[in-house]
Amino acid sequence: MEALRNGFEKSMKVKLAQKCSSVQDEEVALTRAFKYFDSDNDGAVTLNEWLKAVERVGVIVPSVSDLKDLFNYYDTNHDGRLDYKEFATVLFSPPAKRCIPPVTLP
Ligand SMILES: [Ca+2]
Ligand SMILES: [Ca+2]
């Protein structure tokens with residue numbers, strides 16, 4: 001899942017960057033990407049919209065069930081829809097857990 005997700009996020013960023021090459025602002029790029037996914041414009045991306053949009057963007061995912069797994073992964077509150085905040089983690093996921101050296105108190 002981790003490898004699948006990393007590959008997916010990487011190619012998603014590449015594809016979207018190609019589509020909005022003129023956009024410098026990450027926030028603007030994200031808003032556009034979200035609108036691109038939310039085809040009926042109701043403020044959330046359903047599984048159906050997700051499947052169609054990923055295909056349209058041209059991101060290759062091994063199988064539809066992988067794509068569904070990814071959707072469920074990003075749908076953190078499990079309501080079957082990705083809202084803007086959840087969608088944002090696809091493109092701007094927080095950096096992987098870094099090994100922060102423990103602070104040693106005197
Ligand atoms: Ca929608
Ligand atoms: Ca959700």
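**Helix packing and core of a predicted model**

Of the 106 residues of the protein, 16% count as buried. The structure is a predicted model. Its secondary structure comprises five helices and two strands, and these elements follow one another along the sequence in the pattern α-α-β-α-α-β-α. Among contacts with a separation of 6 or more, 56% are accounted for by residues 24 or more positions apart.

Two helix pairs were examined. Two packed helices are described by the angle between their axes and the distance between the axes. In the pair formed by helix H2 (residues 26-37) and helix H5 (residues 84-91), the angle is about 110° and the axes lie 10 Å apart. H2 and H5 are therefore roughly perpendicular to each other, and their crossing is right-handed. On the H2 side, Leu-30, Ala-33, Phe-34 and Phe-37 take part, and they meet Tyr-84, Phe-87, Ala-88 and Leu-91 of H5. By class, this contact of H2 with H5 consists of eight nonpolar residues, with no polar and no charged ones.

In the pair formed by helix H3 (residues 47-57) and helix H4 (residues 64-74), the packing angle is about 125°, again with the axes 10 Å apart. H3 and H4 are therefore oblique to each other. The crossing of H3 with H4 is right-handed. Leu-47, Trp-50, Leu-51 and Val-54 supply the contact from H3, and Val-64, Leu-67, Lys-68 and Phe-71 supply it from H4. The residues of the contact of H3 with H4 divide into seven nonpolar, no polar and one charged.

Leu-67, one of the H4 residues in that contact, is partly exposed, because 19 other C-beta atoms lie within 10 Å and the threshold for a buried residue is 20 or more. Leaving aside residues up to four places away in sequence, Leu-67 touches Leu-51, Val-54 and Val-61. The C-alpha atoms of Leu-67 and Leu-47 are 9.2 Å apart in space, and the two residues are 20 apart in sequence.

In soluble globular proteins, nonpolar side chains tend to be buried together. The largest nonpolar core of this model has 15 residues. Those with the most contacts inside this core are Ala-33, Phe-34, Phe-37, Val-45, Trp-50, Leu-82 and Phe-87. Helix H1 (2-19), H2, H3, H4 and H5 are the elements that give two or more residues to the core. The most come from H2, which gives four residues. Phe-37 of H2 takes part in the contact with H5 and is also among the core residues with the most contacts. Not counting residues up to four places away in sequence, Phe-37 touches Val-45, Glu-49, Trp-50, Ala-53 and Phe-87.

Val-59 is located in the loop between H3 and H4. Val-59 is buried, because 20 other C-beta atoms lie within 10 Å and 20 or more are required. Apart from its neighbours within four places in sequence, Val-59 is in contact with Phe-8, Ser-11, Met-12, Lys-15 and Val-54. Between Val-59 and Lys-15 the sequence separation is 44 residues, and the C-alpha to C-alpha distance is 7.1 Å.

Thr-89 belongs to helix H5. Thr-89 is partly exposed, with 14 other C-beta atoms within 10 Å. Although Thr-89 and Glu-9 are 80 residues apart in sequence, their C-alpha atoms are 9.3 Å apart in space.

Backbone angles were also considered. Most residues other than glycine have a negative phi. Asn-41 has a phi near 60°, a positive value in a residue other than glycine. Asn-41 is placed in the loop between H2 and strand S1 (44-46), and counts as exposed, with 7 C-beta neighbours inside 10 Å. For His-78, phi is near 50°, likewise a positive value in a residue other than glycine. His-78 lies in the loop between H4 and strand S2 (81-83). With 7 C-beta neighbours inside 10 Å, His-78 counts as exposed.

Note on methods
Residues numbered from 1 in each chain as written. Chains lettered and ligands numbered in written order. Predicted model: local features only at pLDDT ≥ 70, side-chain atom pairs only at ≥ 80, totals over all residues. Axes fitted to C-alpha atoms, helices over the stretch in contact; angles between N-to-C directions. Parallel < 35°, antiparallel > 145°, perpendicular 65-115°, else oblique. Left-handed = near helix turned anticlockwise from the far one by under 90°. Contact = placed C-beta atoms within 7 Å. Nonpolar A, V, L, I, M, F, W, Y, C, P; charged D, E, K, R; others polar. Core = buried A, V, L, I, M, F, W, Y, C linked by C-beta atoms within 7 Å. Buried ≥ 20, exposed ≤ 12 C-beta atoms within 10 Å, placed from the backbone.
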